[in-house]
Structure formats: structure tokens, C-alpha cells
Amino acid sequence: MLILPLKTQVIPSGSLPRSPNKLPFHHNVSLTVSLTVGTPPQNVSMVIDTGSELSWLHCNKTLSYPTTFDPTRSTSYQTIPCSSPTCTNRTQDFPIPASCDSNNLCHATLSYADSSSSDGNLASDVFHVGSSDISGLVFGCMDSVFSSNSDEDSKSTGLMGMNRGSLSFVSQLGFPKFSYCISGTDFSGLLLLGESNLTWSVPLNYTPLIQISTPLPYFDRDAYTVQLEGIKVLDKLLPIPKSTFEPDHTGAGQTMVDSGTQFTFLLGPAYNALRTAFLNQTSGVLRVLEDPDFVFQGAMDLCYLVPLSQRVLPLLPTVTLVFRGAEMTVSGDRVLYRVPGELRGNDSVHCLSFGNSDLLGVEAYVIGHHHQQNVWMEFDLEKSRIGLAQVRCDLAGQRFGVAL
């Protein structure tokens, strides 16, 4: 079992790669983990993303990216030729297939939120995770600069792909499960690779991972897909037909648990039902921002004005996502999100922290990390299920000897 502290940091718009069937929008908070790579070890900081496969590091030191991995300083670094089985057989799930560069090395291209792309070569090196040394771990050594920005982006050296693809970090390590817990107060947390032996905690409720063996155009087979069965507001189930939550014949409409996405996005019919119910429950309690031109992150169009003098939000209705066998309840301040830097006179702007996938042109439900705060999230690959339980993540961190 390996235990790593998690940190969150603000990341500028469009700086993280999203494969084409992921959300083309701007993150502004990411979960990062620190480790060392290479011989001798170099410090890196990686964003944890359960929604993507290939882990990668910035390998091209520029003014924009002072925190990079320098392969020339590592004696254990190895490039991967395009003739190798890793390049020919294990890159088939990449959104853009791997290719061969002029040096006959395996070349990968990643697509980004701002529609630019990043290029680099597949390579392997030793990753020092906690007290373990993992040699020969395959990752992307990215050498193109793709972000117009900036200070925050340079704090992170790369991304740790954690989905079910064969080249993801967790697949390569062969761990039967991994877990994470994100604190609701300061967004710190912990990532636990391997068996957690959570006997001290509340029992987890499990929801099975949905698998479709046939390749479908809109279904991401490497994602952590669960079955959303309903949405409750104040414990009352909304009148949404079950079929709304079922993927269609093209694979559109799957529900993905994605730590690389901040908020939760619902397909139009489900979003509209939630929006209407929430609006009804908060009428007379909160003032709606009547501005059709303001849509937070391009998908969140229910926003409220809260006086700056008001320190505490009024009691808000809880929203519960009902999965097969488990529930995730979003309560208190996490139901709304204060838009940073957005002021209207003496009011701050708070938006419902659920967005409309349709406004983004995305054919999926996506459960983001904002709603996973203070939820123990266990990804059980062996038994093909996700376990969850409401816990105080700062206390969980203390149990595992991680100061959060």
C-alpha cells in the first residue's frame, strides 16, 4: 500500500489535455500529487486524472515551464522505438493514434481544451512513489509548449493518467484498487494506491462499473463508468425517466467519474429538471442573477447574487445523485460555487455547481471532484466497482499518518 498526500492548485484555462470525448472547458482547480522520477530523482508534481490514460511530464524547459523533467539528466531514462510492442499494441485506445517520428521513436499527440495540442515521445523511467521504486514506467515526455499562460500552470510538471487503459499509471502498476479522499475545507487530501483496509471507517456503498465490450463512437471504454439512476432534491426524487440516464445505441449518455474535471455535468433533460427544482426550492431565499449573457464555464446558467456583507449562505436544499447501489449527497456550500472575481455592485456571484453537458456539446454525464469532497472514493479494479462513503477526509488523512 502506498499513501501520498494530495494538494489542489489553481490551473489556468485550457492548460490540461482533454481527449475529444471529454469536456472541452476550462478547469481552474486540480488535484496534484508530488513524487520523483529518474536517476538521480527529479521532483515532479502531477495532476491526478481518472479521465485519461497516458501519464506525461513536461520535458522541454522554457520560461513558461521552469518545472520540467530533464531526460538528459536521468541515466535510467529510455526512449521507446515505434517498432516496440508498447507503441504498436498498447496505444490503440489513444484518442489520436501514436505515430513514428523521424528518429523512429514512438510519438504521441494529446489534444487540449483550447483546441491546441501537445506533442512528445513515449519513454520509460523509474518513478519513486512513496517508499517504492517502479522501474520501466511508460509515460509521455512532452516537448511542445501549448499554453498561452502562465504562473500557476508552471507549478505542475505533468499529469497522472488513472483510467482503465493499459498504459494508465494504475494499470501499469497493477494495483487491484486505489482510493482518494479530498478534504472539503482546504482541498488537500490523500491518494492511496493498493488495499486501504478501511476497517476504522463507515462501510462503503458500492456501485458496479458499467462495461460495454462493443466499440461505440461516443462511449469511452476506459473511463470509470457507473449507472446514474436518478437525482433527488431535498430527498425527493425528480420525475426524470430512467431512459434519460441510459447510454444510447451510439454510447452517448454514459456517466463518468472524473477527478480531472472540477464540476458535475448532466445531459440537458436531467439538468433542466434539477435546475427547475432547485430554482423552486430557493425562490424567496436567494436572488437570481438575471443576466442571459452570463454562463459560468459555458455550461452553468443558474447563478445567484449574494451580498458581500452576507458571510454565511442560507440553508440550501441538498442534491443527491442516485447510482445503482450507492448515493452521493451534495449539501451546504458545495451545492453553489462562488465565481472567483465576479462582482455585481455589492454582490458576489454564486452558481449552481452542476452544469449542462449539452451547452458544451458533450454527450455524457460527468461527476467532477467538487462533489467528491469529503467522500472516500475507492476504485476497485479487481471487482469492477466504485465504493463511496461520506467521511471527514482530514481525519482520514490523520489515520493514515498524512498531515492534511
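Visitor: Why is the link between Cys87 and Cys106 called a disulfide?

Guide: In this predicted model, the sulfur atoms of Cys87 and Cys106 are 2.1 Å apart. The cut-off is within 2.5 Å, so the pair of Cys87 and Cys106 counts as a disulfide. A disulfide is a covalent bond between the sulfur atoms of two cysteines.

Visitor: Which hand does the link of Cys87 and Cys106 have?

Guide: The link of Cys87 and Cys106 is right-handed, with 85 degrees about the S-S bond. It links distant parts of the chain: Cys87 is in helix α1 (residues 85-89) and Cys106 in strand β7 (residues 106-111), 19 residues apart.

Visitor: What makes Cys87 count as buried or exposed?

Guide: Buried means under 20% relative accessible area. Cys87 has 7% relative accessibility, so Cys87 counts as buried. Cys106 has a relative accessible area of 0%, so Cys106 is buried as well.

Visitor: How many disulfides are there by this rule?

Guide: The count comes to five disulfides. With bonded cysteines counted along the chain, the pattern is 1-6, 2-4, 3-5, 7-10, 8-9.

Visitor: What makes Cys181 and Cys393 a disulfide?

Guide: The S to S value for Cys181 and Cys393 is 2.0 Å. That is within 2.5 Å, so a disulfide joins Cys181 to Cys393. This link is left-handed, with -70 degrees about the S-S bond.

Visitor: Are Cys181 and Cys393 buried or exposed?

Guide: Cys181 has 0% relative accessibility, which is under 20%, so Cys181 counts as buried. Cys393 also has 0% relative accessibility, so Cys393 counts as buried by the cut-off of under 20%.

Visitor: How do you know that a disulfide joins Cys303 to Cys351?

Guide: From S to S, Cys303 and Cys351 are 2.0 Å apart. The value is within 2.5 Å, so the pair is a disulfide. The link of Cys303 and Cys351 is right-handed, with 100 degrees about the S-S bond. Cys303 belongs to strand β20 (residues 303-307) and Cys351 to strand β24 (residues 347-352); the pair links distant parts of the chain, 48 residues apart. Cys303 and Cys351 are buried.

Visitor: Why is β20 called largely enclosed by the rest of the structure?

Guide: Four of the five residues of β20 are buried, so β20 is largely enclosed.

Visitor: What makes β20 and β24 a pair of strands?

Guide: Two strands pair if there are at least two bridges between them. β20 and β24 have five bridges, so they pair, in the antiparallel sense. In this pairing, Leu305 stands opposite Val349 in β24.

Visitor: How many bridges join strand β19 and β20?

Guide: Strand β19 (residues 287-288) and β20 have two bridges. The cut-off is at least two, so they pair, again in the antiparallel sense. Val288 stands opposite Tyr304 in β20.

Visitor: Which residues touch the most other members of the largest nonpolar core?

Guide: Phe127, Leu191, Leu193 and Ile231 do, in a core of 71 residues. Helix α3 (residues 268-282) gives the most to this core, with five residues. Another core, of 19 residues, lies apart from it; Phe265, Ala299, Cys351 and Leu360 are among its members. In soluble globular proteins, nonpolar side chains tend to be buried together.

Visitor: What is the phi of Leu234?

Guide: Phi of Leu234 is near 50 degrees, a positive value in a residue other than glycine. Most residues other than glycine have a negative phi, and most peptide bonds are trans. Leu234 is in the loop between β15 (228-233) and β16 (236-237). The relative accessible area of Leu234 is 46%, which falls between 20% and 50%, so Leu234 is partly exposed.

Visitor: What makes Ser384 count as buried or exposed?

Guide: Ser384 has 17% relative accessibility, which is under 20%, so Ser384 counts as buried. Ser384 lies in the loop between β27 (375-380) and β28 (385-390). Ser384 has a positive phi of about 55 degrees, although it is not a glycine.

Visitor: What kind of peptide bond joins Thr39 and Pro40?

Guide: The peptide bond of Thr39 and Pro40 is cis, with omega about -5 degrees. Pro40 is found in the loop between β2 (30-37) and β3 (42-49).

Note on methods: Residues are numbered from 1 along each chain as its sequence is written. This is a predicted model: local features need pLDDT of at least 70, side-chain atom pairs count only at pLDDT 80 or more; totals for chains, interfaces and linings use all residues. Side-chain values use heavy atoms; hydrogens and water are left out. Buried means under 20% relative accessible area, exposed over 50%, partly exposed in between (1.4 Å probe, protein chains only). A nonpolar core is a set of buried Ala, Val, Leu, Ile, Met, Phe, Trp, Tyr and Cys residues joined through side-chain atoms within 4.5 Å.
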